[in-house]
Amino acid sequence: MSNVPPDLRYTKTHEWVRTLQDGTVEIGITDHAQHALGDLVFVEVPESGRTVALGEPCAVVESVKAASDVYSPVAGVVAAGNPALAAEPEALNNDPYGKGWLMRLQPTKGAATAELMSAADYQKLLQTEGA
Amino acid sequence: MAFIPHTSADVESMLATIGVSSIEQLFDEIPASLRVKSLDGVPVALNEMQIGRLMSERARADGHPLCFIGAGAYEHHIPAAVWAVTTRGEFYSAYTPYQAEASQGTLQLIYEYQTMMASLTGMEVSNASLYDGASAVAEASLMAVRANRKSKSLRILVPRTVNPQYRRVAVATAGNQGLRFEDVPFATDGGVISLDALKKFEGEDITALVIQQPNFFGQLEDVDALTDWAHAHGIFVIASVNPTSLALLKPPGEWGTTGKGADIVVGEGQPLGVPLSSGGPYFGFMTTRMEYVRQMPGRIVGRTVDLSGREGFTLTLQAREQHIRRAKATSNICTNQGLLVTAATIYMSVMGPVGLERTAAASHARAQELVSALTAVKGVRRAFAGPFFHEAVVLFDRPVAPILASLASRGILGGLDLSELYPELGYAVLVCATETKTTSDIQSYVTALGEASAAVRAA
């Protein structure tokens, strides 16, 4: 059973979103996603200052099995990419909701966001996907 | 090894299983308008004796001209051991082996090749090769777009001192992917990239600058100043180099004064043990720094250990490649030139660093001798001042095509006529000499040039 913290919101493409106190949002991939990918060997995060559109591929996570794009669930400007992942990609496997965060975005005011799910809805999605 | 192991009984059994009467029927869904109706242009099959005779006749028709043409492909002595080993059955495949358990020999050879190329170019990592020097420049440009994350423009500066064929291949390969390849003029006195001409790009978003060393004219570029200029403006440096010359010249990994060096190094591998062979097959090489390895196209062989801790070799970093990443792969060229790389690896092993250096030094000395001898002829002079490696541009006082034709009829390929590629140079010929040319060969050229000029004047 995947770990799905109740205080986060989720996308259909298995990203999680956490709104921080300063108004930025932190984005990562879910426990289910890291498990499906297997051992991660390389993570490419976006540079600060980059403008990303809703649904734009903005990070790459590469495991021993596959390389996958991570899609931005909100439009905004990158406030930070997680610098620790270059040296420690396994943080994504070990701590997907903590040390394994991918990037922080300053959302564009009034911009559309992807349809974000509650933890309960994401759990249901995982069940229908047979996870 | 039979590459199609099915017997006709196997084929019939498979067809019967799926309920199809013939192999041809499998292609029924392709509309008739798209089918090739016949292969009229293909002559009937010949037996071994007939094909041997035909090929000998064709080869004889070429004669054995003394070749003073370089321009991207160079005649070097190839020790007999190189192709004797390369043509062993165990090496006989153009492809990179996926199956590590069945391909340790080939994989180790490619690993050794990568180590040699990284060392020769002064870079940290090499791929297992690309198709040729021209497509390597195209692939390097695409890689620069991915790796230079500060640049969004997709603009690649390709100075006119870069081989014009490389530019054409780059445009054909990457032009439709939005890359723009822009000219930079050369200084007419030195035949090298003009730093003044580069200044007009300052303050603009440029992705990469291609620097060919030695350049198409054989001249040596001021690679340190060019590299520093590019890096000061956030521009990637793509070095396109002749591998033989690297035995004498500074490796691209050390270009510039900041210690950073070129970002991507490519080149034509043909001078390393591959015969001229009417223009191919050759192979391209590519090296870079570790920080960009995930943006590098092509196969990479890595060294690892098996479960028992024994050393072994295998393809690595494959998540960049098209069989995994599909359309988002670093390249849709995911093979290499295995057989040519085999020859190059054995060539480099046989020559060693000292042998390669002596080849480069001898080629340079012969080219100097050639240029001195030609420019001693009345009406012939050098086009550019400054140092050159093993080829140079000489100017004639009259159109060169008839003179070159007359030389060819005397068994001498006198150089490449540049009048179409570089009309502004006038009656210009690019001439080359490597270690394969002797003093008497050069004298034969000069003598024949006198006869050819007289014949052309008389005509």
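Where chains A and B meet, five residues of chain A and five residues of chain B make up the contact. On the side of chain A that touches chain B, three residues are nonpolar, two are charged and none is polar. All of this comes from a predicted model, and the predictor scores the complex with an ipTM of 0.73 and a pTM of 0.87. For chain B, the mean pLDDT is 94, with 98% of the residues at 70 or more.

Turning to the build of chain B, the chain holds 12 helices and 17 strands. Its radius of gyration comes out at 25 Å, close to the 23 Å that the globule rule gives for 459 residues, so chain B is as compact as a globular protein of that length. Along the principal axes, the C-alpha atoms of chain B take up a box of roughly 80 × 60 × 50 Å. Buried residues make up 44% of the 459 in chain B. As for contacts in chain B with a separation of 6 or more, 76% link residues 24 or more positions apart.

E13(B) joins strand E14 (residues 391–395) of chain B through two bridges, in the antiparallel sense, and Arg382(B) stands opposite Val394(B) of E14(B).

Definitions and conventions:
Residues numbered from 1 in each chain as written. Chains lettered and ligands numbered in written order. Predicted model: local features only at pLDDT ≥ 70, side-chain atom pairs only at ≥ 80, totals over all residues. pLDDT = per-residue confidence, 0-100. Contact = placed C-beta atoms within 7 Å. Nonpolar A, V, L, I, M, F, W, Y, C, P; charged D, E, K, R; others polar. Helix = DSSP H or I, 4+ residues; strand = E, 2+ residues; numbered from the N terminus. Rg over C-alpha atoms; globule rule 2.2 N^0.38 Å. Buried ≥ 20, exposed ≤ 12 C-beta atoms within 10 Å, placed from the backbone. Pairing = 2+ DSSP bridges.
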